[in-house]
Amino acid sequence: MANAYSDDLRRKLLEAYDRGEGSLQELAGRFAVSVPWAWKISSQRRRTGQMARVEQRHGSPSRATAAVEARLRRLLREQPDRTLVELQQGLWEAEGVPFSIQHLWRLLRRMGLPLKKSRSAPRSKTRRKTGSAARRGRNR
């Protein structure tokens, strides 16, 4: 993927245009850029009032704000064995912020918070089948 033109190039082209050194089409040829790009940066400057590139924003802002993370820590401190569904409901009631179970799981992992697992039965004593033996139906 191509890199964006530098802000320096934008500034030079727009300053030359302001000084009346030529039309946008002529200046695009002189600065070796496309004419549509020259039109675009000229209209962006008219719209925003700045010569520098407008920073791209990818996606919507995260709902996991500092307040939400603090509330999540507090919920887990109060009751460490909460399930993801209980945490989801607690965040909805306290902060009014909806989270999917998957998003909540990723948030917990990113924050470094463990989710306590409670098994209702002890682990199996038999070994699990692995590799090619499992595909052939044999035990290793």
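**Figure 1. The largest pocket of the predicted model.** This view of a predicted model shows the largest pocket, with a volume of about 320 Å³. Helix α3, residues 35-48, gives the largest share of the lining, three residues. Sorted by class, the lining holds six nonpolar, two polar and four charged residues.

**Figure 2. Helices α5 and α6 pack against each other at about 95°.** Two packed helices are described by the angle between their axes and the distance between the axes. Here, helix α5 covers residues 84-95 and helix α6 covers residues 101-111. Their axes lie 10 Å apart, at an angle of about 95°. Angles of 65 to 115 degrees count as roughly perpendicular, so α5 is roughly perpendicular to α6.

**Figure 3. Side by side: the residues where α5 meets α6.** From α5 come L84, V85, L87, Q88 and L91. From α6 come I101, L104, W105 and L108. By class, this contact has eight nonpolar residues and one polar residue.

**Figure 4. L115 and its contacts.** L115 sits in the loop between α6 and α7, the latter spanning 131-136. Which residues does L115 contact, leaving aside its neighbours within four places in sequence? They are R82, L84, L87, W105 and L108. L84 and L87 belong to the α5 side of the contact between α5 and α6, and W105 and L108 to the α6 side. R82 and L115 are 33 residues apart along the chain. Their C-alpha atoms are separated by 7.9 Å.

**Figure 5. A32, a residue with positive phi.** A32 is placed in the loop between α2, residues 24-30, and α3. Most residues other than glycine have a negative phi. A32 is not glycine, yet its phi is positive, near 60°. Is A32 buried or exposed? The relative accessible area of A32 is 64%. Exposed means over 50%, so A32 counts as exposed.

**Figure 6. The whole chain, for orientation.** The protein chain has seven helices and zero strands. Along the sequence, the pattern reads α-α-α-α-α-α-α. Of its 140 residues, 25% count as buried. Among contacts with a separation of 6 or more, 50% join residues 24 or more positions apart.

Notes. Residues numbered from 1 in each chain as written. Predicted model: local features only at pLDDT ≥ 70, side-chain atom pairs only at ≥ 80, totals over all residues. Heavy atoms only, no water. Axes fitted to C-alpha atoms, helices over the stretch in contact; angles between N-to-C directions. Helix = DSSP H or I, 4+ residues; strand = E, 2+ residues; numbered from the N terminus. Parallel < 35°, antiparallel > 145°, perpendicular 65-115°, else oblique. Contact = heavy atoms within 4.5 Å. Nonpolar A, V, L, I, M, F, W, Y, C, P; charged D, E, K, R; others polar. 1 Å grid on protein atoms, 1.4 Å probe; cavity = no way out; pocket = protein on both sides within 12 Å on 5 of 7 lines; lining within 4 Å. Points joined across faces, edges and corners; volume = space filled by probe spheres on them. Buried < 20%, exposed > 50% of the residue type's maximum accessible area, 1.4 Å probe, protein only.
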